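Please consult the sequence and the coordinates alongside the text.

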Amino acid sequence: MYDLVIRGANVVTAQGVSPLTVAVQDGVTAALISPHISVEGGQVLDLDGLYLLPGAIDPHSHVTYCDDFFHGTQTAASGGVTTIIEMPLSLTLPAATTPEVFNDRIALGRTESVVDFALWGGIQPDTITQSERLFDLGAASLKVFMNYVGEEYKYFDDYPLLCLMEQVKKCHGLIGVHAENGDICAGLSRRYREMGYGPEHYSRARPILAESEAVERLCLMALQTGCPVHVCHVTAPEVAKTILRARKKGAAITFETCPHYLYLTDQDIAVYGAYAKCNPPMRDKTQQEGLWELLKQGAIDCIGSDHSAYSPAQKEYAPFWDAPGGFPGMDLMLPILISEGVHKRGVHWETIAEVTSGNPARIFGLSHKKGSIQIGKDADFAVIDPHKEWTFHASQCFYGNRSENYPYEGRVFKGQVLATLVRGKTVFQHGKILTPPGYGQYVSSLHGGQQT
């Protein structure tokens with residue numbers, strides 16, 4: 001008898017969608033069985049035609065930046081995300097740029113998390129020598145900015161970045177990069193601000209040109225050094241195609257886009273102001289459709305939420321140009337992909353599984369435990385009703401900082417997460433969190449060149 005038997009599901013794997021019975025033992029998938037074969041379990045979950053996706057892995061999470069692991073991982077669970085990879089920056093905690101702080105962050109996550117978590121390591125131009133120790137502790141990647149973001153977390157000029165890439169190549173690690181040309185963004189932002197423009201010009205103030213130029217430099221360095229590189233939050237097809245060309249030449253480079261680039265546009269920045277401000281910003285409808293086409297083709301490696309739940313006070317304390325960038329949405333990653341992708345654009349279910357689970361597991365060194373519904377992997381699942389229409393309201397979510405002013409308020413989606421299982425245990429079901437803080441485990445990343 002198995003610990004858990006899941007019957008009647010349309011199970012999504014890399015090969016497609018199949019009616020299978022999934023058996024779980026000791027927190028891992030133990031068997032995938034024909035639905036015609038009778039199987040006994042201590043617990044039986046009958047899904048009656050619902051879809052069973054591998055639990056999503058969010059490779060770009062900021063839950064501790066202005067919130068905490070407790071609320072952030074509850075948010076994750078409510079959206080079918082079973083593993084978050086948390087960024088090193090925080091407004092309330094020291095940046096995880098040293099082994100000591102990194103270990104403290106592990107301990108904090110083990111205390112507060114309800115889903116599993118991995119960690120990005122922080123790196124600065126003057127702490128490059130710490131990189132090997134951070135990877136020894138299981139860092140999934142090291143976060144690098146190519147543009148100015150503040151004195152508390154320094155950005156990398158070209159030479160320090162080259163040195164870091166040489167170092168990371170030697171220790172078989174990975175760097176993840178926020179790639180924008182800071183001079184272009186600062187100059188254009190100053191110009192439009194002085195001309196009296198507001199949020200309607202924000203995408204022009206941080207244009208695709210700024211992304212493209214930075215990514216071109218990054219690709220050249222990746223080719224030169226052989227360092228594995230992951231490009232964060234790509235907003236436009238031409239930026240993605242630059243990365244794909246470099247990969248054809250031999251660069252070990254991958255990239256993500258975000259749910260908001262697939263769902264919102266620059267027009268939403270004009271409407272919602274600081275609540276729809278993020279860096280880089282959303283683009284126009286043509287760019288958005290180009291990203292969807294790349295996703296359908298299997299050219300986009302993964303989806304990262306870039307989730308950051310600011311409070312209304314944080315978003316409103318300053319004029320638009322000075323307000324912080326970022327907004328929440330981790331819980332809507334799967335609903336957006338299903339509603340806008342599967343239903344409206346014919347994206348295959350196996351593509352959704354790959355960009356939200358299989359690929360991020362491989363890229364970030366988690367595939368020894370995570371990434372697919374496969375015998376021997378952790379029994380991490382999202383139970384989906386693909387036809388359920390529902391309306392998002394912030395009042396019903398798990399954010400520590402809630403606001404109805406964010407751009408998803410009142411939006412209708414087709415496809416809802418009904419339950420989330422982490423290592424065979426139901427963490428979220430029918431709108432409620434069922435496990436206490438501390439259930440989530442730290443997942444140490446194992447690197448060595450895993451790429452998609």
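Contact here means heavy atoms within 4.5 Å. Helices (H or I, at least four residues) and strands (E, at least two) are DSSP runs, numbered from the N terminus. This is a predicted model, in which local features need pLDDT of at least 70, side-chain atom pairs count only at pLDDT 80 or more, and totals for chains, interfaces and linings use all residues. Residues are numbered from 1 along each chain as its sequence is written, and side-chain values use heavy atoms, with hydrogens and water left out.

**Helix α2**

The buried residues of α2 are covered by elements including α1 (69-78), β8 (116-119), β9 (121-122) and α3 (131-136). Those buried (under 20% relative accessible area, with exposed over 50% and partly exposed in between; 1.4 Å probe, protein chains only) are Pro99, Val101, Phe102, Arg105, Ile106 and Gly109. They lie on the same side of α2, because they cover an arc of only 165 degrees around the axis, the arc being that of the directions from the helix axis to the C-beta atoms. Asp104 and Thr111, on the other side of α2, are exposed.

Axes are lines fitted to C-alpha atoms, for helices over the stretch in contact, and angles run from 0 to 180 degrees between N-to-C directions.

| Helix pair | Axis separation | Angle |
|---|---|---|
| α7 (208-225) and α8 (237-248) | within 9 Å | roughly 10 degrees |
| α8 and α11 (285-296) | 9 Å | about 35 degrees |

The axes of α7 and α8 cross at roughly 10 degrees. That makes α7 roughly parallel to α8 (angles under 35 degrees count as roughly parallel, over 145 as roughly antiparallel, 65 to 115 as roughly perpendicular and the rest as oblique). The α7 side of this contact comprises Ile208, Glu211, Ser212, Val215, Glu216, Cys219 and Leu223, and the α8 side Glu238, Val239, Thr242, Ile243, Arg245 and Ala246. By class, seven residues are nonpolar, two polar and four charged; Ala, Val, Leu, Ile, Met, Phe, Trp, Tyr, Cys and Pro count as nonpolar, Asp, Glu, Lys and Arg as charged, and the others, Gly among them, as polar.

Against α11, α8 presents Pro237, Ala240 and Lys241, which meet Gln287, Gly290, Leu291 and Leu294. The contact of α8 with α11 has four nonpolar, two polar and one charged residues.

**Serine 403**

Serine 403 sits in the loop between β15 (381-391) and β16 (412-422) and is buried, with a relative accessible area of 8%. Leaving aside neighbours within four places in sequence, serine 403 contacts Tyr275, Pro312, Ala394 and Glu409.
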